[in-house]
Amino acid sequence: MPFVKYILPALAASQLAFATSDPCGNAKVQNQGDADALAQCGTIKGDITIAKSYTGTLSFSGFENVTGSITCDGGENITDITADKIIKIGKEFNLNGLTRLTTLAFGNLNNVGSISWNALPKLQSLNFNAGVTQAGDVMIQNTGLTSLDGISLKQVGMFQIQNNRDLMKININNLMNASDLINFSGNYDQLMIDLPNLGTGTNMTFRNISSISLPSLEKLTGQLGFWGTEFKTFSAPNLTTVGDVVFMDNSKLTNITMPVLTTVNGGFNIARNDKLSSINLPKLNRVTGAIDFSGKFNTVDLNALNDVEGGFNLQSTDGNFSCNHFDNLRKNVIKGKYKCDAKTNKPTTSNGNSGTSSSSGSSSSGSSTATSSGAAVANGASVAVTGVAAFFYAVAQLL
C-alpha cells in the first residue's frame, strides 16, 4: 500500500526520538519531583543543573555516579542539598550564590573532577563522611566554613581557599602533591594550616594565617610567598629547591628556618619583617634572580653563596654583619647591581621602597616587588574576589 512508505519512516523517526530521550541523561532539577525521577538511574550520563528558582531542601537518591557536572548558580532559596549514594562526579561540582545553604551532605563522595564553591556564607561544615580524596582544581571562596574536614585530597591541581572569614583550621594529612597554585588569603586571621605530607608543588602563597606546617616539603617549581601573616616562625626543614621566595610585611616573624635550601630559581625577597633579627641560609648556593633583603636584622648567614645571576641588595638598620664578605663576591658571584649597608637609618628594597614597616615608603604589601634582573615577584595572595561573589556575600550578611 502506498501510504506505508510514509508510515514506516515516521515510525522509525519516533522510535529514534524515544531511544535518544534518556531519562538518565542531562537533567534540570526544578523541584524535588525532578530529583526523585533520577532515583531509578545507576549513573547519570550527563549534567545535573539545579534551577535558580529551586526552594528549600533538595535530596538526591538512587544513582552513584554523574559523568558530567552538578551545578547551581544563584539558587538563593536552597537550604539543603543531600545525596546519600553519589560516589563520583566526573566534571564540576559548582555551587555559586546559594546564600541560604546550610547543609551540604554527600556522605559517599570521594572523587570529583573539580570543586568550585562561591558565596555560600551560611555553610559552616561539610557532611562528607567518606572524604573527597581525588579532585582536580579546588576553589572555595566566601563561605561560612570553619574547617575543610571532608576534603582529604592526595593530589590536587589548583587549590584556592579565599575569603572564608570563619575558617580556623585546615589539616589535609594526605595531600602529597599540587600541580598548580596553592593560595590561602583573606580567611580567618588566625587560620592554622597543616600540610604534613606535601612534598612537591608549584606556587604556594599565603596571607592572613597564624601558623603553617610544611615538614615534608622538598621542592617547589614556582613561588613560595608570605604576606601579612601572624606566625612567629617559618620552618621548611627539607626544602632544597624553590622558585621565587617572598617574605613581606610579616609583623610577628622572628625566625626563618630553611637549613638545606640550596637553589632559588628566581628572586629572593625579604622586607618589612621588623621582628626578624637573623637570616640564616647556610646552604644557599645559587639564586638565578636577585637577592633583595631589607629590614632590622642583625646577622646574615649566606656563606655558601657562589652564584647570583641578578642583583644583590642587603640593607639593615641593626646589622652586626660585615659587608666585606659580600664585597668580595661582587666581582665573580654577583652579576647584577650591588648594594650592601649594615647600618642605615632608612633601609630600602632594590626598587626604592621602604624596607621596614616603621619607616615611610612608597609601596604597600599588595604591590609587586621588582627584582634586579627585571622580573617581578607578584603578590599571589592578592587575587581579587569576583564582583558576583562579593555581592552575594554582602547580601547574605543581611539575611
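**View 1. Disulfide pattern of the chain.** Counting bonded cysteines along the chain, the disulfides follow the pattern 1-2, 3-4. The structure, which is a predicted model, holds 2 disulfides. A disulfide is a covalent bond between the sulfur atoms of two cysteines.

**View 2. The disulfide between Cys-24 and Cys-41.** The S to S distance of this pair is 2.0 Å. The torsion about the S-S bond of Cys-24 and Cys-41 is about -90 degrees, so the disulfide is left-handed. Cys-24 is located in the loop between helix H1 (4-20) and strand E1 (27-29), and Cys-41 in the loop between helix H2 (32-36) and strand E2 (43-44); the pair therefore ties together parts that are 17 residues apart in sequence. Cys-24 and Cys-41 are both buried.

**View 3. The disulfide between Cys-323 and Cys-340.** Here the sulfur atoms of Cys-323 and Cys-340 are joined at an S to S distance of 2.0 Å. Because the torsion about the S-S bond is about -80 degrees, the disulfide is left-handed. Cys-323 belongs to the loop between strand E35 (312-316) and helix H3 (324-329), whereas Cys-340 is part of strand E36 (residues 338-341), so the pair ties together parts that are 17 residues apart in sequence. Cys-323 and Cys-340 are both buried.

View 4. The side chains of Asn-303 and Asp-301 are joined by a polar contact of 3.1 Å. Asn-285 is 18 residues from Asn-303 in sequence, with a C-alpha to C-alpha distance of 8.5 Å.

Technical notes. Residues are numbered from 1 along each chain as its sequence is written. This is a predicted model: local features need pLDDT of at least 70, side-chain atom pairs count only at pLDDT 80 or more; totals for chains, interfaces and linings use all residues. Side-chain values use heavy atoms; hydrogens and water are left out. A polar contact is a pair of N or O atoms within 3.5 Å; within protein, one must be able to donate a hydrogen and the other to accept it, and residues adjacent in sequence count only if both atoms are side-chain atoms. A disulfide is a pair of cysteine sulfur atoms within 2.5 Å. Helices (H or I, at least four residues) and strands (E, at least two) are DSSP runs, numbered from the N terminus. Buried means under 20% relative accessible area, exposed over 50%, partly exposed in between (1.4 Å probe, protein chains only).
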